[in-house]
Amino acid sequence: MYHKYEVDFLLIEDDHEEAELTIRSLKRNNLVNKIIHIDDGADALEFLFSEGRFEGQPKNHPRMVLLDLNLPRVGGLEILRRIKSHNDTCTIPVVVLTSSAEERDIIESYKLGVNSYIVKPVNFESFSKAIEEMKMYWMVLNQGPPYPKP
Amino acid sequence: VSHDLRAPLRIVNGFADILAQDYREQLDEEGRRLLDKIMNGARRMGILIDELIGLARFGRKEMVMQETDMNLLVRGVIGEFFTTRSEQVSIKTTALPTVFCDSGLIRQVWINLLSNGLKYSSRQAQPVVEVGFEDAGMSYEFFVRDNGVGFDMAFKDKLFGVFQRLHKKNEFEGTGIGLALVKSIVARHGGAVRAESEVGKGATFYFSLPKTAKDVS
């Protein structure tokens, strides 16, 4: 059976203002239908693996995950590790979207199989442009994986 | 640390930007004036953070000492940063010696001193910035001299402190970090900085580098 993506982006970001700015930039010029924003690392894992308060709900894999690294309860790197090590989720492209240009974080993310690592520009105009370019690349130019088989 | 400083600023910038783009027409003149103040403040904060991060980074960076031809260094800096304004300003250089130093750091010293010289002489009918040096025995003392507004020597001790400014914001832009960075870099080389000036008669900024320089940081 062929499944389609319902959720384009799962945005995991604890700062609500940052998230609003990111979502605004994602929604600019359409292309994106549904974005789910989760502000906590543990909740994000529960959503991705239908556990905890998402238990029993059908799996709803996002087309992409946008991941902040500095998150409460479960950090971004741990989420990345869990996504990439589980058969159901390992094909989902994960883009780290962070303010941290720490070499340690970058190396660790790639070791864990991150698909892209973007350091958010400070300047809002550049930030907004970066988000849009990222969106165009992943939504238009890149051929993503098919929806994971249930 | 740097990204913790930058993140809230992006939020101020971002929402001010959205307000300006989507609601500007709904604001009256006073509202728009206030919005511009917010955006301008955020812009200045951004420059300040970048410069502070630069100051911290240059203070930490491991020094790579090498024989450095000051002529090439100064010519490179002038070529890269100051050629567009060269029609109005004349930058005079003399032949400079080769010094054992961290060329990346000393390059930053020249950038800061030359841009100061240009900034403070920019209101003169004929701005002149002069680069030279003197052989002081154990060390070379380099200088950047301008014919700009100058400063009162009573404040000479304040010049090289962080956030110290001798001019009003609306007279000359600046964060008060440039000379602090110069002092920190020169001190790491075992050198010293000083300045001479008279109000309205230009200023000269000196920095010395030991001939047998070593990393003293």
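In what order do the five strands of the open sheet in chain A lie? The order is 2-1-3-4-5, and the pairing is parallel. Keep in mind that this is a predicted model.

Strands of a sheet pair through backbone hydrogen bonds, either parallel or antiparallel. In chain A, strand 1 (residues 9-12) and strand 3 (residues 64-67) run parallel, and four bridges join them. Take A:Phe9 as an example. Its bridge partner in strand 3 of chain A is A:Met64.

Helices pack on this sheet. One of them is helix 3 (residues 76-85) of chain A. Helix 3 touches strand 1, strand 3 and strand 4 (94-98) of chain A. Its direction makes about 160° with that of strand 3 of chain A. Helix 5 (residues 124-141) of chain A packs on the sheet too. Helix 5 touches strand 1, strand 3, strand 4 and strand 5 of chain A. The direction of helix 5 makes about 180° with that of strand 4 of chain A.

Next, turn to chain B. How many of its residues are in contact with chain A? The count is 12 residues of chain B, and they meet 13 residues of chain A. The size of an interface is often given as the accessible area lost when the parts come together. Between chain B and chain A, the buried area is about 1,300 Å². Carbon and sulfur atoms give 64% of that area.

Side chains of opposite charge can pair when their charged atoms come close. Over all chains, the structure holds 20 salt bridges. Between chain B and chain A the count is two. One salt bridge joins the side chains of B:Asp22 and A:Arg24, at 2.7 Å from N to O. B:Asp22 lies in helix 1 (residues 2-23) of chain B. A:Arg24 lies in helix 1 (residues 16-27) of chain A.

Polar contacts also cross this interface, with four residue pairs found. By class, the side of chain B that touches chain A has five nonpolar, three polar and four charged residues.

Definitions and conventions: Residues numbered from 1 in each chain as written. Chains lettered and ligands numbered in written order. Predicted model: local features only at pLDDT ≥ 70, side-chain atom pairs only at ≥ 80, totals over all residues. Heavy atoms only, no water. Contact = heavy atoms within 4.5 Å. Buried area = accessible area lost by both parts, 1.4 Å probe. Salt bridge = Lys/Arg side-chain N within 4 Å of Asp/Glu carboxyl O. Polar contact = N/O pair within 3.5 Å; in protein donor to acceptor, adjacent residues only side chain to side chain. Nonpolar A, V, L, I, M, F, W, Y, C, P; charged D, E, K, R; others polar. Pairing = 2+ DSSP bridges. Helix = DSSP H or I, 4+ residues; strand = E, 2+ residues; numbered from the N terminus. Axes fitted to C-alpha atoms, helices over the stretch in contact; angles between N-to-C directions.
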